There are 6 protein chains.
Amino acid sequence: MKENRGLLVGRMQPIHNGHLQVIKKTFEEVDELIIGIGSAQLSHSIKDPFTGGERIMMLTKALSENSIDSSNYYIIPLVDILMNAVWVSHVKMLTPPFKKVFSGNPLVQQLFKEENFDVIIPPLFNRTELSGTEVRKRMINDGDWKSLIPNSVVNIINKVNGIERIKHLSQKEISEKIE
Amino acid sequence: MKENRGLLVGRMQPIHNGHLQVIKKTFEEVDELIIGIGSAQLSHSIKDPFTGGERIMMLTKALSENSIDSSNYYIIPLVDILMNAVWVSHVKMLTPPFKKVFSGNPLVQQLFKEENFDVIIPPLFNRTELSGTEVRKRMINDGDWKSLIPNSVVNIINKVNGIERIKHLSQKEISEKIE
Amino acid sequence: MKENRGLLVGRMQPIHNGHLQVIKKTFEEVDELIIGIGSAQLSHSIKDPFTGGERIMMLTKALSENSIDSSNYYIIPLVDILMNAVWVSHVKMLTPPFKKVFSGNPLVQQLFKEENFDVIIPPLFNRTELSGTEVRKRMINDGDWKSLIPNSVVNIINKVNGIERIKHLSQKEISEKIE
Amino acid sequence: MKENRGLLVGRMQPIHNGHLQVIKKTFEEVDELIIGIGSAQLSHSIKDPFTGGERIMMLTKALSENSIDSSNYYIIPLVDILMNAVWVSHVKMLTPPFKKVFSGNPLVQQLFKEENFDVIIPPLFNRTELSGTEVRKRMINDGDWKSLIPNSVVNIINKVNGIERIKHLSQKEISEKIE
Amino acid sequence: MKENRGLLVGRMQPIHNGHLQVIKKTFEEVDELIIGIGSAQLSHSIKDPFTGGERIMMLTKALSENSIDSSNYYIIPLVDILMNAVWVSHVKMLTPPFKKVFSGNPLVQQLFKEENFDVIIPPLFNRTELSGTEVRKRMINDGDWKSLIPNSVVNIINKVNGIERIKHLSQKEISEKIE
Amino acid sequence: MKENRGLLVGRMQPIHNGHLQVIKKTFEEVDELIIGIGSAQLSHSIKDPFTGGERIMMLTKALSENSIDSSNYYIIPLVDILMNAVWVSHVKMLTPPFKKVFSGNPLVQQLFKEENFDVIIPPLFNRTELSGTEVRKRMINDGDWKSLIPNSVVNIINKVNGIERIKHLSQKEISEKIE
């Protein structure tokens, strides 16, 4: 049984080419990768436009498009629990056993370090271009968001009318009276 | 049985003349109106000074003062659930069936549109004057808040010592040591 | 893109040969199958001995052992929300879009029927032998539980000391004083 | 302003003639009555078949059918909070101020008594016939449930296919394998 | 600094002489003892009559009556979280660090063993007499409950009208109609 | 029995000399003091670095260092409940009965005043120096934090590697790609 298993957590709003580069690199260090979809309960906001289910589908199709063998990863939605001291335990409850954690987030690093996990900072790529914030900004402003994300993810975003959704959500409230 | 039913949601902190104008206008398009009191669990803050129960009483008395037949509306407290994708379903659980939704809020519009409701933007009135924010500002600064809201609501606010409450809450913390 | 997608939900405590027979049969009717792990937050009881994460791993390995292509299914942990009227919406939030639901459970059937899903009763196999209750009973009483479940699942149960766990949990409280 | 206000709480699954008799009697002792719909989050079970929203609509129509003036009562859905010591406070948060509580339930009586409310045991009518349990039993067994509840409630139950719902929920699970 | 610290968890409904015997015995094995009050959110039922706060006060006074040095223990209310796999982590979040766990409950033992704690079964005393169930039964049936619990706890129970409370809660519902 | 009991609530992130001065002063007005640890569920952030359990231990040791008799106070962790109108009731559920509340926070003052408690503003000391914000700032910037807090608390912070923790948490995210 493959035992060298790692965890990588991200909100993936949406999955973009930067995520894929990191995921590919990560597979150089583990046999199996658990990919946690963070804040899985959030959706329909400018910062978190897509549902957990939409993000699971996007990630699955993007990994397939990139020929990553689906028998080597687990995609797990993780809802926020708002108790940092319990978060590692909550992640463990919903995942196969793992030893390594890949994260650039200081809080995630600290929480897993205190529980004696092997915490690894994922390698950096051209970061300014490849952030979720940038992708979402381009979606709202009719910029070129498609070149930043895999084709299969573009298809899903079109399918769920994702651009219409994020643009509508970015409008200011029309009637403030019904506040 | 009357079947042409609509939904209108607002925090109503507090109910003011703008809400009443919109509610009256809304009745031109439906037989029965469901009025959802948003963030019903919040109270005792500058943005949300009144409890759900106080707001239900205010709205009931204000509609009565305006001779709106109480057999034609339902007032339903709605607590926040922090999962946008589930919110429409949560509202439906607590309300009679409805087809139309009146809202100026882009998030509310988007969520109901995705569930195939008929979303209608309520007509606008003189909006700068008639916002909840303005009413609460005047309450804190000894301005003329009474002219913006129905008499029956003024009475309830006095009864629950609402002005004293919001003024006290607007104070800065006196002792920062017990932080 | 494959669009003929179905949902099947089970607690899978643990995954046994009956689940696998049903899953295989289900693939005759859909291109992609979403498998929801019910009560994912429960574990360490006689009725629900295994964690959500353990069950995800068991199911993944069992499907692989049965040569089911991992690019055709999604495994999603579902925690209980205790509001039946919101449950369908909660499932949809965490899953790719689907039209068909496979379930022998009257509550699941009723909830999805009311939301206009296509509800299908999965075919029956030799049911008395192949129930989770029977598997757990044999685990506690040193019966032959191994013949009822896939080999890969036996391995995982051994790995997590599952038999020791369920046997310990089945003990009566030794000291009632610290109640 | 009318100040003699009372509270009466019930699950109302469904509203039946016994509830109406008690409500009418209660109005002899108060000017305004707050009717709390208990366990408002529950539905789609044999014990709690109807949603909070369905029950609000049933009660509203039943009171109208009985010519009870809708300006004299408030119908408030109350979700369970599972902390008895906080329950009174939770009810107060969502209701207009009240002094009297009408309840035949020892827990409700005790909780309000400890908070110095005036607790009144509602008068008894022919109790064996008029219980929610009896109504639901007759619904499942094709008995005469209609004579126990107001006509307007019969109409709503038919409208939401309530009998089909409760009968389906009373079926035993067809396939135990997908447990 | 004293580092040999242990944990003991009980619902303590109410604290009785059996708890005190076990606590005294436990101090032979640790320098400091953390006493977790389980199900701290429950009260006002026959099985759980007293609030978390009442139980904290009872335990404090009972330990003082028994001359146990208050600088050597911590009393911590623990609410139920309904996720066994996360429970140990939740307890750790609210307590000083500890290595030993004293429990006669198989679930508590199993959960802490899996997290590599040193689990110790507390010594047994005359168990039939000294259980919380027995104490509560005697309270309801006018039996001799006072001889089973410390004097200071008797005083607190009288002070909060505990006997009246549990007796009232043990009544059958008087009016079943308002179900 | 000592009946003159008061409540004082603070997040205590961490306990510092200002807290201790106020606590000592408070004992001039009560026989017993309940000290509520606010936001007990929060930890591992710059604003709330320490867990509830760590703060309970810090406070216990600091009071002992200051020769405050441990039989005269109760330390109770309080998690946030996000419903202001229910908060007082939630605090009462977890604490021995009390009449006086010591707080410099307008919200706490208002909530307890509305429930007819005796609210007292604690005396002020040299406030700019002695705030939790200042202590945490010095921890991050290698300033002199040790002089602001009791020695026993310094020891505990060192023991749990608290400075390393808060410094790590104050880092900017290294890789923004895995957002």
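Two strands are taken to pair if DSSP finds at least two bridges between them, and in this predicted model that criterion gives chain C an open sheet of five strands, arranged in the order E3-E2-E1-E4-E5 with parallel pairing. At the edges of the sheet lie strand E3 (73–77) and strand E5 (118–120) of chain C, each of which pairs on one side only. If direction is ignored, neighbouring strands of this sheet are turned against each other by 25 degrees on average.

Within the sheet, strand E1 (residues 5–10) and strand E2 (residues 32–37) of chain C pair in the parallel sense over six bridges, and C:Arg5 has C:Glu32 of E2(C) as its bridge partner.

Helix H2 (residues 52–65) of chain A lies across E1, E2 and E3 of chain C and runs at about 140 degrees to E3(C). Helix H4 (residues 106–114) of chain C itself packs on the sheet, where it touches E1, strand E4 (100–102) and E5 of chain C, its direction making about 160 degrees with that of E5(C).

A further contact joins chains B and C through helices. The axes of helix H3 (residues 84–93) of chain B and helix H3 (residues 84–93) of chain C come within 9 Å and cross at roughly 170 degrees, and because of this angle H3(B) is roughly antiparallel to H3(C). B:Ala85, B:Val86, B:Ser89, B:His90 and B:Met93 make the contact from H3(B), while C:Ala85, C:Val86, C:Ser89, C:His90 and C:Met93 make it from H3(C). Sorted by class, the contact of H3(B) with H3(C) comprises six nonpolar and four polar residues, with no charged residues.

Conventions:
Residues numbered from 1 in each chain as written. Chains lettered and ligands numbered in written order. Predicted model: local features only at pLDDT ≥ 70, side-chain atom pairs only at ≥ 80, totals over all residues. Heavy atoms only, no water. Axes fitted to C-alpha atoms, helices over the stretch in contact; angles between N-to-C directions. Helix = DSSP H or I, 4+ residues; strand = E, 2+ residues; numbered from the N terminus. Parallel < 35°, antiparallel > 145°, perpendicular 65-115°, else oblique. Contact = heavy atoms within 4.5 Å. Nonpolar A, V, L, I, M, F, W, Y, C, P; charged D, E, K, R; others polar.
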